[in-house]
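Biologist: Can we go through the ring contacts in this one? Put the model up and I'll ask as we go.

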Amino acid sequence: MNTDAQLLRRFVEDRSEPAFTALVQRYVGLVHATALRRVGGDAHAADDVAQQVFVSLARKAPSLREHASLAGWLYVNTHHATAGLVRRERRRKQREATAHSMQLTDASDSSADETSRLRPLIDDALILLKPVEREVIVLRFFAGRTFSEIGSAVKLSEDAARKRVNRALEKLHVALARRGVTSTVAMLGTTLTGAGWEPAPAGLAFKIAGAALA
């Protein structure tokens, strides 16, 4: 499998549309799911945000050629792209749940309920991590990469990558605890996996790639 850096280099140097489309296909699920979570489930807004993020990727590609992995960059740009929408959504809905009232360890809660209640806080906590910590969390739980693949992406051994993910997950756990969210690290990992990635709508990757390349 071509690495992100190889595909990006082919796009920048050869204007390879297949290379760029491959990047979109690789990460559109991550970007769309993040946008969908951030905008309160508005599918049309998530589609627009995803297109905006990949248009930005196409425009800024020359300065990103040395990025071994684009997962973290795409996540942060999705976070920024949804910032205004999130503020409007929060004002409109006046979210009922607050960090102080969330108790994810209640045995009566289903895992689906836990995921639903944690989603509004995931991104606010994750964006505060150091870039290298955020990168491995996004790769592991949002992009579904193995520890071996993460190691290759961030230039670590498989074992070192595993340790880095675990340390980053611990830090995220602490950050959420400060917001009143109590849960085990294992449950947090499970919740991240469930909330972090969903298949993008059929055909969206090609639509976005076409718009970005245009």
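Predicted model: local features only at pLDDT ≥ 70, side-chain atom pairs only at ≥ 80, totals over all residues.

Biologist: Why is the Phe11 and Phe20 pair called tilted?

Modeller: Their planes are at 40°, and stacked needs under 30 degrees while edge-to-face needs over 60, so what falls between is tilted.

Biologist: Phe11 and Phe20, buried or exposed?

Modeller: Phe11 is buried, at 1% relative accessibility. Phe20 is buried as well, with a relative accessible area of 0%.

Biologist: What about Tyr75 and Phe142?

Modeller: Tyr75 and Phe142 also make a tilted aromatic pair, 5.8 Å centre to centre with 50° between the planes. Both residues are buried.

Biologist: Which helices do Tyr75 and Phe142 lie in?

Modeller: Tyr75 is in helix α4 (residues 71-81) and Phe142 is in helix α7 (residues 131-142), so their pair ties together parts 67 residues apart in sequence.

Biologist: Change of topic, arginines. Where does Arg140 lie?

Modeller: Over the face of Phe147, at 4.1 Å from the ring centre.

Biologist: And Arg37, which helix is that in?

Modeller: Arg37 belongs to helix α2 (residues 17-38). With 10% relative accessibility, Arg37 counts as buried, because the cut-off for buried is under 20%.

Biologist: What does the side chain of Arg37 contact?

Modeller: The side chain of Asp123, through a polar contact of 2.8 Å.

Technical notes: Residues numbered from 1 in each chain as written. Heavy atoms only, no water. Phe/Tyr/Trp six-rings, centres within 6.5 Å; stacked < 30°, edge-to-face > 60°. Buried < 20%, exposed > 50% of the residue type's maximum accessible area, 1.4 Å probe, protein only. Helix = DSSP H or I, 4+ residues; strand = E, 2+ residues; numbered from the N terminus. Lys NZ or Arg CZ within 6 Å of the ring centre and 35° of its normal. Polar contact = N/O pair within 3.5 Å; in protein donor to acceptor, adjacent residues only side chain to side chain.
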